[in-house]
Every structure is written in structure tokens, then in C-alpha cells.
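Subject: A structure for you to look at

Hello,

Here is the structure I promised to pass on. Please open it and keep it beside you while you read my notes.

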Amino acid sequence: MKKKTTIYDIAKALNITVSTVSRALSGFPAISETTREAVFQTAKKLNYSPNRLASALKSGKTYIIGVIVPSVQAHFFASIIHSIEEGLRNSGYRVDPLSV
């Protein structure tokens, strides 16, 4: 299994600090447009995708909505979960259904 690209990999490839990469990816205004563009190009080239767990630990927000239903096998509950997912998708949330 291939190792997932991290901000450390991007920093090493560009010979800049990890903090600079992090700030560039999060849109920090003090980072120059040249550096920001280099970070985004390198991130794309290395197939970087943010680690949602690491982001959640830092921000204190998981953006996960838990839905408890008697059975996800029942069409009724599956359609409700699907509707909830559709409604929350554009807000950056995801739904983790739990069947009891």
C-alpha cells in the first residue's frame, strides 16, 4: 500500500517549512501568491489530500453527524439517511449511520 502524501512531503519537495505549507493550504494571508501557487501545484502533483482526522483534532470539529436507526437495511431508514447526507454534503459534513 502506498504511503499517503503529507504536508511534510510537500515541504520537503519545495524546501520550505511545514508551517508555510500548512498556512498556504489554509489560505493564510501572509503567504505570497507565488509560494501559495507552488504549494498547490506540488500538492496536486503528489496527490495530496488533507487528513480529516488531523484537521478535526486541530480544529475540534469533526463535521460528522451521527444517525442512529433501528436498521439501515430497511428502505425507509436508508432513504432518510440518504436525504440527510444530501442536505449536509455542501456544508462539509458527512453522516455515519449506526444501526442498533
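In what order do the elements of the chain run from the N terminus on? The order is α-α-α-α-β-α-β. That makes five helices and two strands in the chain. Please keep in mind that this is a predicted model.

Next, the overall form. The radius of gyration of the chain is 18 Å. For 100 residues, the globule rule gives 13 Å. The value for this chain is well over that, so the chain is more spread out than a compact globule. Its C-alpha atoms fill a box of roughly 55 × 35 × 20 Å, taken along the principal axes.

Now look at two helices, α1 (7–14) and α3 (residues 33–45). They pack at an angle of about 115°. Their axes are 10 Å apart. The crossing of α1 past α3 is right-handed.

Which residues meet there? From α1 come Ile 10, Ala 13 and Leu 14. From α3 come Ala 38, Val 39, Thr 42 and Ala 43. By class, this contact has six nonpolar residues and one polar residue. It has no charged residues.

Last, the empty space. Rolling a probe the size of a water molecule over the atoms shows where such space is left. The largest pocket here has a volume of about 490 Å³. It is lined by 16 residues. Closest to its centre are Ile 7, Tyr 48, Pro 50, Asn 51 and Ser 55.

Which elements give two or more residues to this lining? They are α1 (7–14), α2 (18–25) and α4 (52–59). The most comes from α4, which gives four residues.

Six of its residues are nonpolar, seven are polar and three are charged. Compare that with the contact of α1 with α3, where no residue is charged.

Best wishes

Conventions. Residues are numbered from 1 along each chain as its sequence is written. This is a predicted model: local features need pLDDT of at least 70, side-chain atom pairs count only at pLDDT 80 or more; totals for chains, interfaces and linings use all residues. Side-chain values use heavy atoms; hydrogens and water are left out. On a 1 Å grid over the protein atoms alone, a cavity is a set of points where a 1.4 Å probe fits but cannot get out, and a pocket is an open set with protein on both sides within 12 Å along at least five of seven lines; lining residues have an atom within 4 Å of a point. Grid points are joined across faces, edges and corners, and a volume is the space filled by probe spheres set on the points. Ala, Val, Leu, Ile, Met, Phe, Trp, Tyr, Cys and Pro count as nonpolar, Asp, Glu, Lys and Arg as charged, and the others, Gly among them, as polar. Axes are lines fitted to C-alpha atoms, for helices over the stretch in contact, and angles run from 0 to 180 degrees between N-to-C directions. A crossing is left-handed if the near helix is turned anticlockwise from the far one by less than a right angle, and right-handed if clockwise. Contact means heavy atoms within 4.5 Å. The radius of gyration is taken over C-alpha atoms; the globule rule is 2.2 Å times the number of residues to the power 0.38.
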